Amino acid sequence: MTRSLSTSDIRTMFLQFFHSKGHLILPSHSTTAPDPTTLFTVAGMQPFKDNFMGAPAVFDGQASKRVTTAQKCVRVGDIENVGRTRRHLSLFEMMGNFSFGDYFKKDAIAWAWEFLTSPEWMGMDKDKMYVTIYKDDDEAFGYWTQDVGLPAEHIHRFDADENFWPANAPLEGPNGPCGPCSEIYYDRGPKYGDDTWGDYFATRESARFLEVWNLVFPQFDRQDLDENGQPVLKDLPFKNIDTGMGLERVASVVQDVPDFYSNDVFKPIIEKVAELSGQPYQGEVSVSHRVVAEHIRSVSMILADGTAFSNTGRGYTTRKIMRRAIRHGYMLGFREPKLFELVGLVVASMGEAYPELKANQSRVEAAMKAEEELFLRTLETGIQRLGKLLGGMQKGQTLAGDEAFTLYGTYGFPIDLTKEIAEEYGVSVDEAGYAESLEKDQQLSREGSKYGKSELFGGNQEALEGLPATQFVGYDHLQAEGEVVALVGGSERLGSLGAGSEATVILSQTPFYGEGGGEVGDTGRLEWEGGSGVVRDTQKTKQGVFLHSVLVEQGELKEGAKVRAVVAPGRAAIQRHHTATHLLHAALRAVLGAGVQQKGSRVAADQLRFDFSHGAALSAEELAAVETLVSRWVSANFAVSWREMPIAEAKAAGATALFGEKYGDTVRVVKVEGDVDYGGVAVSSMELCGGAHVTRTGDIGAFVILSDENVAAGVRRIEALAGEAATAWLRERLNASAKVAALLNTNPEGLEARVSGLQTQLKAAEKETAAVRKQLAEAQMGGGGGSAAQTRELGGFKVASLKLSGIEGNELRSAADRMLDSSGADLVVLASDKGLVVKASKAAVERGAHAGQLVGKLAAAGGGKGGGRPDMAQAGITDAEGALGALETAL
């Protein structure tokens, strides 16, 4: 490595490099996902999914088929590994360059090599660069070996599980855009391992050979397997480029440090953790230092982007990350809130690149401090209990599953947190036994947390002991009178709650549905003489005690008080979506076959989500058939009934059991009292379900499927809307279609033909514009010979230079080619308002001319940065006169 660069330097340099290659620099998207497929933004390309599928590449009014970003990403699928390995982070910055139907493999590979190895940029040692490619990608192999000059022995060919995106897409899907990828590695030398590049082919793991960049070439449209079970990969109409370079990983390479935690961003945070705790940092063994530093950085960014700690969705996952940090802070000796004090260091290192951190620093610190105060109260008791259990065990023994479940319900320890602590004692956990003890499984989404939800209520199990089951009246009533049986905060029973306080309230009877079976818990209000409060969430224990998370707004709530419980109006929408989920399930089984099994669901007021087993994306015809079946049930306005019966009787009657549910001897069966026809077959809906439903199918209203996505191997996810939400969505789309049609002077029915015609016109106009620009360049150059250029002898070379107006990018490079061919000059320097190109003749290069070195000096004088080969180089600039004026001193 020839350069010492900070993380900030690398980020800036990357963006400037691709700006010099004609890329538009865009700011990072929020950590909040740009689409509903994930909770967080998980990849640099995610904000551009529509552009990769052909949507116009226009950003804030600027059209550009080339884009570059440094994107903040959040991934929590392997959260338990963060701090323990050198590879895992929950927050990382993904630097990328993207092409939407413009350049492809050749340029992507050449520019990656130039950025990494050029002395003007990263300056990495070319002899230490290695590459992997897809086994059949001879095109990439040719560019790496012939154009770049990488030795063939520095290249490994791997199968689709390693070098294809998505992984194994040819055989396993999903259908849609996909393609091979090429990963670039850097040999960090013997001090990071004595393995060889040959060893990596077998192990696929190395601390010495570190991946620094992944170049993805989406060039195929993956379709269903053919009749012989072979993958069908058709060429896309236009090919794209999607690359990703992990900034933290590259920084560790450039700064020659063992891992992320030693780079210039993490090191100050870890040093502060050591100072606050009095525990010295000792590298990889200091897992808690690393967890705290990484998670506080991650949570700071997420909160700064507007997410708040909560009991659902993104806020729930963020809370899990924060609570893992608090637990490791506790292990370092923190018994009072301290982690919020680290936010300032995150702001200091990343606030310039992400100004939202600076703007929201005080809010982030306040939210973290409050979360620390809340969880520390529960954590101490739970850790002590688990410590006693594990302290009496020997290494190699197994913690009983029912003990693990008790920790979950009592102290808020999800199974992975218990496993993590047990691992530190050399003890395993009986996960099968734990699963058997669960009344239900928490729904695990790929983009969310792996943690359970029980800890959100604090360690309240002991405080709930002896309480009778709550009488639930919410199937028939949305309002009910009840008595406050208990108030619970943390692990203690409370006598009263004052205004501004939040705790768990248990009532004698309630209309609030406790989360279960995929249906979210109810929200609403409690009212009593002299006061009121907001019910933010409702859960239910396996003993049938309903837990209402209540924030007192005014007055004082006391144990024994009489209250009026009122469910929020959103329950009606939840019921519509729940019954629609049952109909969707039955319709999918009718259309796709009885092999469809439910794998998860989420039923809320805003939408429904249904995960099911199926090996391929639904065709447009299948989606339409499913929607039609559901609509037939709705139009028929059948009654929806529910009754309790022995489980054996329910199964004998054909009732469908739901994924993740455990049933007692007596079950509740929800049935639609009428069948619909599909291809001459009567299709019915009857399921075991404890949720809330409409009384007639007609109450569901409109139904529309929003998306069909692959979420895991053999598992699909459908998201849909029912009722007013569906009607509003459809009206919004119709209005948008009408507006677009009006802008194009047609009607919605004529949009396709109109757009096709405009595309033809645009291509013709682009061709005409290119010709006009060529003529404009020729005119400014004084004809093909470039007579208008200033020609002089500089540094032993004949140099022709000229400023052109209105000429950029490809036209500027083409003008330089023509001038070099016809002027007889050794070097040609052309500047425009935003760009600079230097071309050198073959003879000049042989005599020592270097266009890349010259353009770097000129660009610096012109307010920019650039680089390139000895014969051709370019740069982005802001001051053409300044760049050209530096010629005298540059040569």
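How many disulfides does the count come to in this structure? The count comes to 0 disulfides, a disulfide being a pair of cysteine sulfur atoms within 2.5 Å. The model is a predicted one, in which local features need pLDDT of at least 70 and side-chain atom pairs count only at pLDDT 80 or more, while totals for chains, interfaces and linings use all residues. Residues are numbered from 1 along each chain as its sequence is written, and side-chain values use heavy atoms, with hydrogens and water left out.

**View 1. Cys 73 and Cys 178, two cysteines that count as buried.** Cys 73 takes part in no disulfide, and the nearest cysteine sulfur, that of Cys 181, is 17 Å away. For Cys 178 the closest cysteine sulfur is again in Cys 181, at 11 Å, which is too far for a bond. Cys 73 has 0% relative accessibility and therefore counts as buried (under 20% relative accessible area, with exposed over 50% and partly exposed in between, for a 1.4 Å probe and protein chains only). Cys 178, also at 0% relative accessibility, counts as buried.

**View 2. The crossing of helix H1 with helix H7.** The axes of H1 (residues 7-20) and H7 (residues 247-254) come within 9 Å and cross at roughly 115°; axes are lines fitted to C-alpha atoms, for helices over the stretch in contact, and angles run from 0 to 180 degrees between N-to-C directions. Helices (H or I, at least four residues) and strands (E, at least two) are DSSP runs, numbered from the N terminus. Thr 7, Ile 10 and Arg 11 in H1 are in contact (heavy atoms within 4.5 Å) with Leu 247, Val 250, Ala 251 and Val 254 in H7. Of the residues in this contact, 5 are nonpolar, 1 is polar and 1 is charged.

**View 3. The packing of helix H9 against helix H11.** H9 (residues 287-304) and H11 (residues 343-350) pack at an angle of about 75°, with their axes 9 Å apart, and H9 is therefore roughly perpendicular to H11 (65 to 115 degrees). From H9, Ile 296, Arg 297, Ser 300 and Met 301 meet Val 343, Val 346 and Met 350 of H11.

**View 4. Gln 46 in the loop between strand S1 and helix H2.** The loop that holds Gln 46 runs between S1 (24-25) and H2 (49-52). Gln 46 has 5% relative accessibility and so counts as buried. Leaving out residues up to four places away in sequence, Gln 46 touches Ala 33, Pro 34, Asp 35, Thr 37, Thr 38, Phe 40 and Thr 41.

Definitions and conventions: Ala, Val, Leu, Ile, Met, Phe, Trp, Tyr, Cys and Pro count as nonpolar, Asp, Glu, Lys and Arg as charged, and the others, Gly among them, as polar. Angles under 35 degrees count as roughly parallel, over 145 as roughly antiparallel, 65 to 115 as roughly perpendicular and the rest as oblique.
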